[in-house]
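Me: Could you take a close look at the ligand site for me, and then tell me what else stands out nearby in your notes?

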Amino acid sequence: MRSLILLLFCFQIFTIPAFSQKKKIGIIGAMPEEIKLVLDSLKERKDTLIKGQVFYSGKLKNKEVVVVESGVGKANAAFSTTLLLSFFDISQVIFTGVAGGLNPKHFPGDIVIGTSVFHHDYGQILPEGLVLRKTRNVLNKVQNPLDFKCDSVLIAKATRAGIGLVLQKVEKRTPGIYTGKIATGDVFVSDKKKAEWLFNGTGSSAAEMEGAVVGQLCYQLDIPFLVIRSLSDNANNEATVDFNTFKVIASQNSALLLLRILE
Ligand code: ADE
């Protein structure tokens, strides 16, 4: 009996309680605009407050989900993702939101389904400039890869879901859906030269501020993830104005693809 009590005590200490045993899909967006359509479609909604952060549980297209607005930037994304993965029984994570397009052939409203995500601001500043370095997994002390690969099944589902999907037009142009590498950093990129460096130097299609955090945490905890981004701007000198003009349409296009994936 004493050993049973001891066992239960150890279990209490060494496991983090999940609110439910049923596996759920975690959905993260950084800004209110990015999760609005998702929350509008959420059925049987139940709000849970953890450390001041609201987590919206419910059903989307009959799938159990937990939605959270992380806030912008890497620290905010780390906070929300950690709470999401610690307090809910999450089987996979999908990030939905906007990004700056880096491929000159892509325009606002277009969607980039992430094939991988990486930190474009993690590394070493040498006289010749920034050299990207690998992060290290604090859980096992092993170096992480530079690129965190999005789950191939989720990429395939997203690609299929995009076929025939009617997206919102931007200035009479029907947006396209592409796949590509996504660059994450704690900066809003609004400089043509930086955008060119990210496109030509790292082969990325979109720049944003949260995806690689979600990717790194999911990689370290072995949870499949996907990052979907619709372009609000081209990360160039006009990016601030374009972002404000197109962020709502782009947020909606990304959410439309997410909802179709869940169907
Ligand atoms: N999110 C939307 N546009 C962005 C940009 N240009 N840079 C970083 N994050 C973004």
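**The ligand site and beyond**

Reply: A nitrogen atom of the ligand sits 2.6 Å from a side-chain N or O atom of aspartate 233, a polar contact (a pair of N or O atoms within 3.5 Å; within protein, one must be able to donate a hydrogen and the other to accept it, and residues adjacent in sequence count only if both atoms are side-chain atoms). Keep in mind that this is a predicted model, where local features need pLDDT of at least 70, side-chain atom pairs count only at pLDDT 80 or more, and totals for chains, interfaces and linings use all residues. Numbering runs from 1 along each chain as its sequence is written, and side-chain values use heavy atoms, leaving out hydrogens and water.

In total, 13 residues surround the ligand, counted when a heavy atom lies within 4 Å of it. The closest are Gly100, Phe188, Val189, Ser232 and Asp233.

Now for another spot, glutamate 34. This residue is part of helix H2, residues 32-41 (helices are DSSP runs of H or I, at least four residues, numbered from the N terminus). Glutamate 34 counts as buried because its relative accessibility is 2%, the cut-off being under 20% with a 1.4 Å probe, protein chains only. The side chain of glutamate 34 reaches the backbone nitrogen of alanine 30 at 2.7 Å. Leaving aside residues up to four places away in sequence, glutamate 34 touches Gly29, Thr96, Gly97, Val98, Arg229 and Ser251, with contact meaning heavy atoms within 4.5 Å.

Notes: Helix = DSSP H or I, 4+ residues; strand = E, 2+ residues; numbered from the N terminus. Buried < 20%, exposed > 50% of the residue type's maximum accessible area, 1.4 Å probe, protein only.
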